[in-house]
Amino acid sequence: MAEVRALVLRAAGVNCDMETQHALELAGAEADRIHVNRLIEDKSLLDRYHILVFPGGFSYGDDVAAGRILANQIVHHLADPIQRFIDDGKLVLGICNGFQVLVKMGVLPGNGAFKQEQVTITYNDSGKFEDRWVHLLPQTDRCVFIEPQRQIYLPVAHGEGKVVTADAATLERLKSEGYVAYKYVGPDGEEGPYPINPNGSVESIAGLTDSTGRVLGLMPHPERFVRRTQHPHWTRLGEDLDPDGIKIFRNAVRYAQENLLQSCSA
Amino acid sequence: MKQWRFEVFNRAGFSDVHGNGVLEDIRELGITTIEAVQSAKVFLIEADFDQAFAHRLAKELLSDPVCEEYYIGRSAAPAGLARATLIEVHLKSGVTDPVAESVTAAISDMGVAGAHVRTARKYVLLGEIRPAQIETIAKRVLANDCIEDVVVGDEAEPPSPHLKPYELRITHWPIRDLDDGGLEALSKQRDLFLNLTEMKAIQAYFRRLEREPTDVELESLAQTWSEHCVHKTLRSAVEMTIDGQAKRFDNLLKETVFKATKDLDKDWCISVFADNAGVVEFDEESAVCFKVETHNHPSALDPYGGAATGIGGVIRDPMGTGMGARPIANTDIFCFGEPDKSLDQIPKGVLHPRRIMKGVVAGVRDYGNRMGIPTVNGAIYFDDRYLGNPLVYCGNIGLMDKDKAFKHPQSGNLIVVVGGRTGRDGIHGATFSSGQMTHEHETVFSHAVQIGNAITEKKMLDVLVQANEAGLYEAITDCGAGGLSSAVGEMGAELGAEVDLDTVPLKYTGLSYTEIWISEAQERMVLAVKPENREAILRIFESENVEATVIGRFTNDRKLRLRYHGQQVAELDMDFLHNGVPKYSRQAIWTTPALSEPVTADKDHYNDELLGILSSYNVASKEWVIRQYDHEVQGGSVVKPLVGVVNDGPGDAAVIQPKLTSSRGLAISCGMNPLYGDIDPYWMALAGIDEAVRNLICVGGRFDRIALLDNFCWGNCTNPRTLGTLVRAAQACYDGAMAYGAPFISGKDSLNNEFACEDGTTICIPATLLISAMSIVDDVEKCVTMDAKKPGNLLFVVGRTSNELGGSHCYKLRSQLGANVPRLDLELAPQIARKIAQAIADGLVASCHDCSEGGLAVALAEMAFAGGLGIEADLHGLPTSKDCTRLDGQLFSESNSRYVIEVEPRHYDAFARLMLNLPFGQIGKVTAGSRLVIRSREGRNVVDAEIDILKQAWQKTLDW
């Protein structure tokens, strides 16, 4: 059977590319780490892949604002091929800095439904970078990466992860139209203050999807929980502990297997 | 070209996180009249574009469309409010401005090339304020004199950044005819930090050559011979007197720390004390290397920048070890003054310890996180003797192919410098860090602070990994202290080298040939490249926008030749440069201090002592710091720094799985206890080794694969008494390494950690030896953490508790020192560690915690609240020495080689059989309750407290 192929996009300061590649491989995909310069030189490279992943890190040092410089570079050099990639029914995943890039490119929640002036990601209320584990509850049933209703546990590690909207109406639409992918919740599934909501995101938003459900951006790191021993207190838990992060990648690979394997040129 | 000014403010309704942070810091200064602070980003951009493009730029690039708004030009103070004071902070000309570099590239992406960008921060302070307070706020909160200029008010522009081009003028510093006074004066005037003996050796050399040295020749010698680079003190001969008995060392280091490594001769040590980091075997294919450095003096002047370049610098050590390793973990250990001082308790020229701590943590955080390297292990110690001279230890571990642990530069290889550009930053860093700090250092040595840019280093690393795999270079080393001078000098020591200094890429014009050669600008590495690989290597670096430049070549005449536009500016013999430094003989004295042990009667209960120790700065939770570091990036995390049922208990050591497809792990720990050194540095050093080993054992590290690193931070060792304490510690290093069969693989020393106050007094740091350690974990699935796991499980203590409260936290709480410092039983300690490692490997251990600062009571409290379970303990089962009869001794003595171990009842027999013949005893069990109860041998509850109360005490102290 042909393999699902994933492109993990590298750029200056991106630093979660290797473990993201590993997670994709564990989930059954063939994954390559490709520098953004190579993609700009040869835009047709993208045609060979089914899944495009913007991994975590500090692209261009998060200078000016997290994800801004890389988003600017992509908007000016790769906007069309990436739009075509999405229009072709393929999958895009942005993790942490990759989520910030997708929002700052206007791809999330975007894709025609929102303007860039309506949603952004800004500094944590705490004013500092923090690494901690959070519970996440899915809010949508159209996102192909997500198993609806199933609460998961993943780490966040960021200083700029607070999702904000320009106005209440935008927020209402994000919620009512299923753009909110995940919310931060307590172990009991209820929303709560810091540190349950680690950054002060409005309505505890942890991730967004687009109108197609084939683009997902989230602040938490699914690639950091693909093995039992990555759980922060795995030494207290049984051997049947099933890592939550790997499922997001498996869902993507399964979707691509079922829907995309004929649509690739290479 | 027009200069555009953009100001970017937070939109009303969105919180100004930076402004609020500044306001909080101002209030901490005791200034209460400021009601609010608005912060803004300022961009000064010179480029050819029109008003319409300026708006596009502001809207699409410089500001956030949702939560920020921009202003083109200079905004006035907000009207209708309280009095507003405008303060702008600009980088001094020449200081690296990474944001500006990114913005320049982004503007070019938008179609306008060649923009010249500068950035600044603007603050609007609302509220009544006096000019003197403005100055205090600017100095203490907003800006750092070393690297930034402050502009108050709304009229003045910062000085122009445009520098005059450099015109070559070869300068000689005549030395041949100077007398002793003249030699010393020359060394002092030029900040060479060379003593008279060294100056005389240099004088004799140039008399032989029958010419005067150029400035760059003297600077090269000063750098290569600096304490920082050659460790003159530790390698010198020492005449030691120990309590009146004489002992001579021909080379202190070779006869202590190195000797243990040599005598142990482990076959898994691949390259030790030879390269930038010590290399040991990891598995069949791979090796790991570990290096720990200090960056103390720069962090005292500029905590943020100093610490950032500290971590940035030590990361380049593994990157420059062998053919280059890929960094996989950071460690950081800091020593500060206690942070609750009022400003008038702080000597002139010293930053407040709270500001130093915040800045240092932020510096390590921002650099380490941006590099994508998990910061997995560390510690923080507080003592007011670190007030003028904080210690910042940064460590890095790298992974490499086992067959790439050595480099082979050859004659004819090109010298290629890659990464960042060279600027005026960090001039004299190596020599500056080798001297004593004074209240004037802030102004005199501002140029010695380097400025880091993590992304430049990350980009360089990304390409180096590829160039290494492709075999495009023959040798690599980092440009650390001493800059190109050290890097090229060392790599070409056996060959000879010639360098065209005018080819080195510069951040800005105006640098003299000497500045180019000795600059310690960050993020640079030097490679030796075969001429036939020249095009390929330049291409691969260019493909990811990293600069790579051929600046010279290695020769075969063992001479160092420097040219500038074809004119020779230096010619030194490599042999004199590297071996010409005179050997010394130093005096050292150790006299056992006459100390006494306090006499106290037993009390009814010890809840207060336990709460006091838990909330003391050294023991208290460091979660505020730990969470700011990304400790999970790279996906290899197994045992995190915080463990337990709600992820907030103090893990003993970190475990990572460096290869994502292999379950083999690496355990990483440290040990240090400066308080014991006040009684005897010998036992202090052994306690440090024992603590580092215990921590590794507790998580499941192998007993037979422990590698150690030493980092000595001491005061002025020309004082025989200070050197005497160092010799004691070095002797302990030998004894400890031999006892444990754990070789030292790398080390570093930082001497002269003293601060000369304005009033003539000196604050000397306590003798501070950091022991870092790592070991192999065969299978990470077998790792153990310290949190209590299950009600009904049995608790054991292995190891003997003695009457050893000297230097303990219990005594510190009572402002006592004591005399009975914890000693180490060199035979028993390794037996215990080996058996516990065995018990963990056999799967008999549910949790294991090292008994250290605060003793048994603190260890039990930590296990209980980390596990969210109660513990009932009975001192009746505690194995003690005969003289350990006092309750405070049994509860809080910090005797070495002790472990608290939780065992499921079904494993009782197997565990007890394994521990047979060791001092061990069952002291209690884990309960489903919520209290820690410790009963005396008479059956009285001497500690009885809710675990939530204990945890709160432990957490609140540093919950910033």
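Me: How far apart do the C-alpha centres of domain 1 of chain B and domain 3 of chain B lie?

Reply: They lie 48 Å apart. Domain 1 covers 3-152, domain 2 covers 185-225 + 408-581 and domain 3 covers 635-956; such bounds come from an automatic or database domain assignment. A word on the ground rules: this is a predicted model, where local features need pLDDT of at least 70 and side-chain atom pairs count only at pLDDT 80 or more, while totals for chains, interfaces and linings use all residues. Residues are numbered from 1 along each chain as its sequence is written, chains are lettered from A and ligands numbered from 1 in the order in which they are written, and side-chain values use heavy atoms, with hydrogens and water left out.

Me: What makes the radius of gyration of chain A agree with a compact globule?

Reply: The radius is taken over C-alpha atoms, and the globule rule is 2.2 Å times the number of residues to the power 0.38. For 266 residues that rule gives a value near 18 Å, and chain A has 17 Å, so the two agree. The C-alpha trace of chain A spans about 45 × 45 × 35 Å along its principal axes.

Me: Which residues are in contact between chain A and chain B, and how many?

Reply: Contact means heavy atoms within 4.5 Å, and 60 residues of chain A meet that with 68 residues of chain B. The buried area, meaning the accessible area (1.4 Å probe) that two parts lose on being put together, summed over both, is about 5,100 Å² here, with carbon and sulfur atoms giving 50%. On the chain A side, A:Val64, A:Asp131 and A:Arg236 lose the most area to chain B, together 13% of what that side buries.

Me: Why is the pair of A:Arg224 and B:Asp630 called a salt bridge?

Reply: The term asks for a side-chain nitrogen of Lys or Arg within 4 Å of a carboxyl oxygen of Asp or Glu. In this pair the closest N and O atoms are 2.9 Å apart, and the pair is a salt bridge. A:Arg224 sits in the loop between β11 (215-218) and α7 (245-259) of chain A, and B:Asp630 in the loop between α23 (623-626) and β24 (637-639) of chain B, so the pair joins two chains.

Me: What is the distance for B:Glu544 and A:Arg10, and how many salt bridges link the chains?

Reply: Their closest N and O atoms are 2.6 Å apart.

Note on methods. Helix = DSSP H or I, 4+ residues; strand = E, 2+ residues; numbered from the N terminus.
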